[in-house]
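Please look over the sequence and the structure before reading on.

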Amino acid sequence: MSRKLILAALLAAATALPAAAQQGPQQRALMQACGADYRAHCANTPRGEGRILACLRQNSAQLSQPCRDALSRLPSR
């Protein structure tokens, strides 16, 4: 899967967050921290309606520490 597609999927997931959480630096940090985790655990998750973020959160025990840290900085849905 191409890096652009992965980033697009994560960006699509991030846009489902409340407006306050849609800040550029926070989105970039999430995409950078969770790219490999997304590919490993959530690549087959359909985009939209927060499903990718939900998948990452459901797999939190298996995620890298940087990804868990980035997710912990996002508001809960």
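Is Thr45 buried or exposed? The model is a predicted one, and in it Thr45 is buried, with a relative accessible area of 18%. The cut-off for a buried residue is a relative accessible area under 20%.

## Overall fold

The protein chain contains 4 helices and 0 strands. Its pattern along the sequence is accordingly written α-α-α-α.

Of the 77 residues in the protein chain, 36% are buried. The accessible surface amounts to about 4,600 Å², and carbon and sulfur atoms contribute 51% of that area.

## The loop between H2 and H3

Thr45 lies in the loop that runs between H2 and H3. When neighbours within four places in sequence are left aside, Thr45 is in contact with Arg51, Ile52 and Cys55.

Ala43 is located in the loop between H2 and H3 and counts as partly exposed, at 24% relative accessibility. Its C-alpha atom is separated by 9.5 Å from that of Cys55, a residue 12 positions away along the chain. Glu49 is exposed, having a relative accessible area of 68%.

## The backbone at Glu49

What is the phi of Glu49? It is near 55 degrees, a positive value in a residue other than glycine. Most residues other than glycine have a negative phi.

## The packing of H2 and H3

Two packed helices are described by the angle between their axes and the distance between the axes. For H2 and H3 the angle is about 75 degrees, and the axes are 11 Å apart. H2 is therefore roughly perpendicular to H3, because angles of 65 to 115 degrees fall in that class.

Which residues of H2 and H3 meet? On the H2 side they are Leu30, Cys34, Asp37, Tyr38 and His41, while H3 supplies Ile52, Leu53, Cys55 and Leu56. By type, the residues of this contact comprise 7 nonpolar, 1 polar and 1 charged. Ile52 and Cys55, which take part in the meeting of the two helices, are also among the residues in contact with Thr45.

Note on methods. Residues are numbered from 1 along each chain as its sequence is written. This is a predicted model: local features need pLDDT of at least 70, side-chain atom pairs count only at pLDDT 80 or more; totals for chains, interfaces and linings use all residues. Side-chain values use heavy atoms; hydrogens and water are left out. Buried means under 20% relative accessible area, exposed over 50%, partly exposed in between (1.4 Å probe, protein chains only). Accessible areas come from the Shrake-Rupley method with a 1.4 Å probe; for residues, only the protein chains shown count as cover. Contact means heavy atoms within 4.5 Å. Axes are lines fitted to C-alpha atoms, for helices over the stretch in contact, and angles run from 0 to 180 degrees between N-to-C directions. Angles under 35 degrees count as roughly parallel, over 145 as roughly antiparallel, 65 to 115 as roughly perpendicular and the rest as oblique. Ala, Val, Leu, Ile, Met, Phe, Trp, Tyr, Cys and Pro count as nonpolar, Asp, Glu, Lys and Arg as charged, and the others, Gly among them, as polar.
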